[in-house]
Amino acid sequence: MSWATLSNIYRLGLKELKSLWADKVLLILICWAFTGAIYTAATGASQELRNAPVAVVDEDQSPLSRRRVGAGDPPDVRPPPPATQAELDQGMDSGRYNFTLIIPANFQHDVQAGRRPDVQLNIDATIMSQAFIGATYIKSIALGEVNEYLTGKRDSAATPIRLSTRVRFNPNLTGVWFGGVMEVINNVTMLTIILVGAAFIREREHGTIEHLLVMPLTPFEIMMAKIWANGLAVLLGASFALIVMVQHVLQVPIAGSVPLFLAAAACYLFAAASIGIFLGTLARSMPQLGLLIILSIIPLLLLSGGVTPRESMPAIVGNIMLGAPTTYFVRLAQGILYRGAGLDVVWRDLLAMTAVGAVFFNIALFRFRKAVTQTQI
Amino acid sequence: MDRAPVARLSGVSQRYGAAVALDAVDIALPAGCMVGLIGPDGVGKSSLLALVSGARQIQQGRVEVLGGDIGERHFRASALPRIAYMPQGLGKNLYPTLSVFENVDFFGRLFGQGKRERAERIAELLASTGLAPFRERPAAKLSGGMKQKLGLCCALIHDPDLLILDEPTTGVDPLSRCQFWELIDSIRARRPGMSVLVATAYMEEAERFDWLAAMDGGRVIGRGTPAELRAQTGQATLDGAFIRLLPEARRQAHRALVIPPRVADGDLPAIEAQGLVQQFGDFTAVDHVSFRIERGEIFGFLGSNGCGKTTTMKMLTGLLPPTAGLARLFGKAVDAGDLETRKQVGYMSQSFSLYGELTVAANLDLHARLFHLPDERRGPRIAELMQRFGLEPYAGQPAAELPLGIRQRLSLAVAVVHEPKLLILDEPTSGVDPVARDQFWALLVELSRQQGVTIFISTHFMNEAERCDRISLMHAGKVLASDTPAGLCAARGEATLEEAFISYLEEATGVSKGSVSHAAEPLPESNAALPVGHSNGAKHPGAFSLRRLLGYAYRESLELRRDPIRLAFALLGSVLLMFVLGFGISLDVEGLRFAALDRDQSPESRAYIQNIAGSRYFIERAPIVDDADLDRRMKNGELALAIDIPANFGRDLRRSHWPEVGVWVDGAMPYRGETVRGYVQGLHLDYVQQIIRDKTGASAGYPVNIVSRYRYNQDFKSIYAMVPAVIPILLIFIPAILMALGVVREKELGSITNLYVTPVTRLEFLLGKQLPYIVVALISFALLVIQSQLMFQVPIKGSLAALCCGAFLYVVATTGFGLLISTFTSTQIAALFGTAILTILPTVSFSGLTTPVAALEGASYWIGQCFPASYFLIVSRGTFTKALGFADLWPQFLALACFIPVLTVLSVLLLRKQEK
């Protein structure tokens, strides 16, 4: 690469930054994406159990069954309203209750007599994310209550093997830890593709790209300039989000090396920006680009392993997603940030991600001239 | 003028941000004749016409049209059917994918005409404008002249009393221009009472109008007949008269342009084109064009919009590789990869293509650096250009804020910053006023004559073409003739270049100037069969009309059918996303990798591990060798679970010493971690109970037995839960986006004007546009249901009829939501992302997807209650998995039905019937 090429890339990139600076709407969008959006996503919607509505049908009306009804629950489960059998079905049908507990008549009597009465727990399995976890919680609360009533201890009876479960990387399984970091990754993907794709289409629509192509500049220089300038803006945002929002505001401990993550993010930005330009060469106008972006970002966000663990996907979907850089980035980001993985662990993903990015870059480069001249026809 | 004016403006001012479009204008425009507004772009002509037509809201002052105050709502409603307005821009208020017939037909529907009446009127109009042979051709594929004739047909469909034309002939070839004015004359002959109000930038055209108002800087600077204006200023031409009317300061900058003769030298040609051809699909944009331009020559390309001027220039710059033929610059074949030749070329594209957000100085500096001017040359060169092009006062201003004339000078300065030997300028003076245009030409002449720069320029102004050394006349991709202006006139024996060009065009197209008006002649008689003139007065323009509503619905569905990208997004988008979401969001946690660190290696420890490995959730990996190995394999994400069995585990178990097994769970993804922990604890307990049973023979364990029943989804498969939840998300997301885009597109492309200036009401407009999208959403719903049955095999246990009925109410509400968003967004991109953000978050977080709405708190609770997805989610889940029907779901149906009128009323209130 000659000095002239580097100088052109540098100059065009500076221009790109000035244009970005002049576009206040985009700036506000970037600021929001790396501050407020991170906070809301981390603290707001999560897959944890929260306020799960439980109804209890108490056919026993004994001190023990009432004890269960009025039990001091952990904050995850809402205090259950008493109900009758008829209300219960209707409530579950309309989605008012996710769980119902039916305590049979003579419950207390049977418990004391050691007859192990059946308690029925109905779970609305249409709400997958809560059903299993909620059922586990409710079971352990119910058992704890009964044990305490019988023995004065919440612990269950003596067992021949003790189990000590320890959760690594996120001991309390706090959703905020996960949500905050994943939101940073999602927003990096989304913003990079939108920023670079939109910057490219805007220049096409204004004819400024044509203008550049008539000057002694190559498509390679024009693309690299867009990538480094927009990438830098996103990288700054992501650093801020990670260091200030995630580490300080949300108080999420980061296990691994932040510089290593940011270096990996820079590689990922190259790949995502290449996808952005590639989409920009496919669309002929801004609205078309918008529709294309929506259809490509949603799979990138949902299928890259950030929402659903890769082992739970059908094999074919998982294999297709190996063609997307996001898959590698999510994996290595989780490795670095949660599990403290170092370069020795993540280098393969890093390499694969950059290679995928290079493929998209070259396709976009190949389509560049053709796309530019198509704009006004 | 003794006649009552057709329009009277008093004290009218109009400003947009800092720009003043009209500045206290007082003028009375005479009725029953051709009134012309003359002046360059951006002086307020269009604003004045938009106010008179009722398209735009009056900010200050009073505008009387046809004897009433157009600012008054009721009068405006009754006056609109008597006015026809053709906005600026070729085919701006037409629908490009619709055919000629469909376009006119749509306007007929807007004015409430019945089928028979429309058919007769359209036949007559198309015959008299000569468009009859092109009835089925899409408007986008018409030439500029034909587009304007079509626009005229659409404007005349309802026999208006006042016809308003905003620059109807800009960018149209001279023959079509002549035909257009002849057409107007013949229409006026048939309807002598009709007033015509025209804005134009062509002074030569204005000569034929009855009365003129000259405008500059938002003010009227002269009025009267063309003869009166010339007499007042003592000038021979209107161009001259206009310059005389300009304020003193502006006029002083002007001096008559003198072009010194060129001294020809027999050098190599600067540009040589041989048989250039450019084809786009089956359309030939440039058809065997050849020419040769000498060094230092000013060579002009004259022709209408879309005749191939720009495409030819792009081939010369290397932007477009020619389909056939050869282009040479300075004797070298044009090659896109050749950076050396490009350093000798300066290019100015048709539209302003510098960076509007950069200042004048920054634009010059950027280009100087990109051309690698040495540091010591750069400063002086920029200073020299700023001085020579008069840019110094504007150095610190962003280019986007400059007046058009200054901006064009900056573009030229940028194009010559590297001292090129060849300049390619594509319509550099469109929309620039005559004074600024002459200043611009003075710069060109200086470059050509003093510095020997070759200039290749395209234009549609005749008087500019006359200044070139040589010109080529272009039409429909072909060069008709090429010579000096005088030579061309002489060859055709015509006095002016315009007449010579028309003569060439007549020869090329086989259509003569008079032919159009001849065709129109026999028709006035047949007109008697129609209810004379006033279909407009008979109807009640303000009342609701189903015909207008269906007119919009019909047109929208035609447009949608012809836009493959939007249609694909509408129908395939939801299917694709269903596929992605259905497979992608799986909450089934299984296939988890685990490994054990067995420090005991006893039968008991192996049995314990086997108990876990045997479950369907876990897959065993190679055993862990030591603590470091455990650490490493958890860090790289290989293991979701690690089991650490202590030494002497078997012995302790036999002796009832309560050995402790350590379990490590990967908590990086909390949901997965939580589930893994639950699985392990469950498996552990099972195993322990089994041991107790084996030892004591008695079942042991808990004092109560909790029986779990997973209802509605016994297999607890994620897909059964996902499909009923995804359908409501997709049915709000895509229909709302398409709906919002459908309305905002009209705002962006300009056809929204038809809402402003025709009797169609806001409710008719909105509902008419909504209908096709409801149908599209229902089709996409049907596809989703089919997909859920065939691909995902999720049975519908409840009532299919209830599901369909709920879906219908729901998509009416969600398209209504899109309409609401469209009323306050103005660009398609804002509508797109605005709708995406405003629909996804509430649907995913607040409508009961994971947490029932009843369990939400505060704002989220109320958002959930007021969002249609919350109710349809219950319907969808109920009918798919809970075997419910109408009897169980009526409250949800009621709630969904309530959204429809609320959203519609809000949209009607927020939509403007006039431009601001």
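Modeller: Start with contact: two residues are in contact if their C-beta atoms, placed from the backbone, lie within 7 Å. By that test, 106 residues of chain A are in contact with 108 residues of chain B. This is a predicted model, where local features need pLDDT of at least 70, side-chain atom pairs count only at pLDDT 80 or more, and totals for chains, interfaces and linings use all residues. Residues are numbered from 1 along each chain as its sequence is written, while chains are lettered from A and ligands numbered from 1 in the order in which they are written.

Colleague: Which helix gives the most to the side of chain A that touches chain B?

Modeller: Helix α7 (residues 128-151) of chain A, with 13 residues. Helices (H or I, at least four residues) and strands (E, at least two) are DSSP runs, numbered from the N terminus.

Colleague: How do the residues on that side of chain A divide by class?

Modeller: Into 53 nonpolar, 33 polar and 20 charged. Ala, Val, Leu, Ile, Met, Phe, Trp, Tyr, Cys and Pro count as nonpolar; Asp, Glu, Lys and Arg count as charged; the others, Gly among them, are polar.

Colleague: What makes β4 of chain A and β24 of chain B a pair of strands?

Modeller: Pairing takes at least two bridges found by DSSP between two strands. Strand β4 (residues 162-168) of chain A and strand β24 (residues 660-666) of chain B are joined by seven, and they run parallel.

Colleague: Why are α8(A) and α12(A) called roughly antiparallel?

Modeller: Helix α8 (residues 175-206) of chain A packs on helix α12 (residues 286-303) of chain A at an angle of about 160°. Angles under 35 degrees count as roughly parallel, over 145 as roughly antiparallel, 65 to 115 as roughly perpendicular and the rest as oblique. So α8(A) and α12(A) are roughly antiparallel. Their axes are 11 Å apart. Axes are lines fitted to C-alpha atoms, for helices over the stretch in contact, and angles run from 0 to 180 degrees between N-to-C directions.

Colleague: What is the hand of the crossing of α8(A) and α12(A)?

Modeller: Right-handed. That is the name if the near helix is turned clockwise from the far one by less than a right angle; anticlockwise makes it left-handed. Residues of α8(A) in this contact include Ile193(A), Gly197(A) and Glu205(A), and those of α12(A) include Ile293(A) and Leu300(A). By class, the contact has 11 nonpolar, three polar and one charged residues.

Colleague: Why are α12(A) and α33(B) called roughly parallel?

Modeller: The axes of α12(A) and helix α33 (residues 828-846) of chain B cross at roughly 20° and come within 8 Å. That angle puts α12(A) and α33(B) in the class already given, so they are roughly parallel. The crossing of α12(A) and α33(B) is right-handed. Gly290(A) and Ile294(A) are among the α12(A) residues involved, and Leu832(B) and Phe833(B) among those of α33(B). This contact has seven nonpolar, two polar and no charged residues.

Colleague: What makes β16 and β20 of chain B edge strands?

Modeller: The open sheet has six strands in the order β16-β17-β18-β13-β19-β20 (chain B), with mixed pairing. β16 and β20 (478-483) each have a single partner strand, so one side of each is left without a neighbour in the sheet. On average, neighbouring strands are turned by 15° against each other, direction ignored. Four bridges join β16(B) to strand β17 (residues 422-426) of chain B, and the two run parallel. Helix α16 (residues 434-451) of chain B packs on the sheet, touching β13, β17 and β18 of chain B.

Colleague: Why is Thr359(B) called partly exposed?

Modeller: Buried needs 20 or more other C-beta atoms within 10 Å of the residue's own, exposed needs 12 or fewer, and partly exposed lies in between, with C-beta atoms placed from the backbone. Thr359(B) has 18, so it counts as partly exposed. Thr359(B) sits in the loop between β16 (345-348) and α13 (360-370) of chain B. Beyond four places in sequence, its contacts are Ala395(B), Gly396(B), Gln397(B) and Pro398(B).

Colleague: And how do you know that His372(B) is partly exposed?

Modeller: His372(B) has 15 other C-beta atoms within 10 Å, so the term applies. His372(B) also has a positive phi of about 55°, although it is not a glycine.
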